[in-house]
Amino acid sequence: MTSNILPRHVAIIMDGNGRWAAERGFPRVAGHKAGVETVRAIVKASLDLGLPVLTLYAFSQENWKRPKEEVNVLMELLDFFIHKEIGRLKKEGVRLRTIGRIEALPEKTLAKVKEAVAATRENGRLILNIALNYGARTEILDAVGRLLEEAAADPGRFRPFGARLTEELFSEYLYTRGLPDPDLLIRTSGEMRLSNFLLWQLSYAEIYITKKYWPDFTKGDFKKAIREYQRRERRFGDVKA
Ligand code: IPE
Ligand code: IPE
Ligand code: MG
């Protein structure tokens, strides 16, 4: 049973840059540099396919544990990507968004990110959502914190919802507010884990894992993942139609 319906949202755990570099005898950061080229290619492929939302896991909350030099290079690459791509993103109708506690990013990087988000605000062809200093458990705690604050400040606040906290209402408190949940999760480099990524939103996502390292992942691999998604039978707990 194959459909040709595109996922409304694809989320990608871009993994394997370090191993890609190590296999070539390069330092890990060379893998991150090569990975930026894959980001460019996959954004372009998403536009070509007409995908509405693409989320990329670029830096996790836990990634601060890495050596300082590696973290610095990752931040510089983000600056570099925005600097080089902003014109094209604007022109192609890409709207940049972020999820994660971006306030903790280095000042210069944060300024660049905010500028790019503001500059692409009016775009609507593709939402490019970048997870930066992102942690799914923190996202859920941030949502609960805001809900509690609002409820304390205005006890009537949740009355219109019948005083019941629904999944839809809770979703509006997450960083991904307004976005559909990912239909497809791709992880490169073969690891079989979520690494604290979108725990709430991935509840019913189809998962596709490829052994390829992120720098080796191509537009063709991306299309292959989407075709595989289109062959899957999604049941959502129901029985076969
Ligand atoms: C993914 O590649 C990039 C980030 C996590 C920022 P890794 O750097 O995790 O590469 P491996 O997993 O060590 O090969
Ligand atoms: C997940 O990859 C985070 C990103 C891709 C940004 P990691 O390489 O950090 O995940 P673990 O440590 O293998 O779980
Ligand atoms: Mg990794």
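A residue counts as near a molecule if one of its heavy atoms lies within 4 Å of it. With that in mind, welcome to this predicted model, where ligand 1 takes up the space of the largest pocket.

**Around ligand 1**
- The residues surrounding ligand 1 are Met14, Asp15, Gly16, Asn17, Gly18, Arg19, Arg28, His32, Ala58, Asn63, Arg66 and Leu74.
- Sorted by class, this shell holds three nonpolar, five polar and four charged residues.
- Helix 1 (17-23) and helix 2 (28-49) each give at least two residues to the shell, and helix 1 has the largest share, with three residues.

**Polar contacts and cover**
- Asp15 has a polar side-chain atom 2.8 Å from an oxygen atom of ligand 1.
- For Arg28, an N or O atom of the side chain is 2.8 Å from a ligand 1 oxygen atom.
- Arg66 places a polar side-chain atom 2.7 Å from an oxygen atom of ligand 1.
- Of the 380 Å² of accessible area that ligand 1 has on its own, the protein covers 87%.

**The largest pocket**
- Its volume is about 760 Å³, and of its 32 lining residues, Met14, Asn17, Tyr57, Ala58 and Phe59 are the closest to the centre.
- Elements that each supply at least two lining residues include strand 2 (53-60), helix 3 (68-92) and strand 4 (126-134).
- The lining divides into 16 nonpolar, eight polar and eight charged residues.

**The second largest pocket**
- This pocket has a volume of about 370 Å³.
- Among its 20 lining residues, Glu167, Ser171, Asp181, Trp200 and Gln201 lie nearest the centre.
- Seven nonpolar, five polar and eight charged residues make up the lining of the second largest pocket.

Definitions and conventions. Residues numbered from 1 in each chain as written. Chains lettered and ligands numbered in written order. Predicted model: local features only at pLDDT ≥ 70, side-chain atom pairs only at ≥ 80, totals over all residues. Heavy atoms only, no water. Polar contact = N/O pair within 3.5 Å; in protein donor to acceptor, adjacent residues only side chain to side chain. Areas by Shrake-Rupley, 256 points an atom, 1.4 Å probe, with all protein chains shown as cover. 1 Å grid on protein atoms, 1.4 Å probe; cavity = no way out; pocket = protein on both sides within 12 Å on 5 of 7 lines; lining within 4 Å. Sits in = over half its atoms within 2 Å of the grid points. Helix = DSSP H or I, 4+ residues; strand = E, 2+ residues; numbered from the N terminus. Nonpolar A, V, L, I, M, F, W, Y, C, P; charged D, E, K, R; others polar. Points joined across faces, edges and corners; volume = space filled by probe spheres on them.
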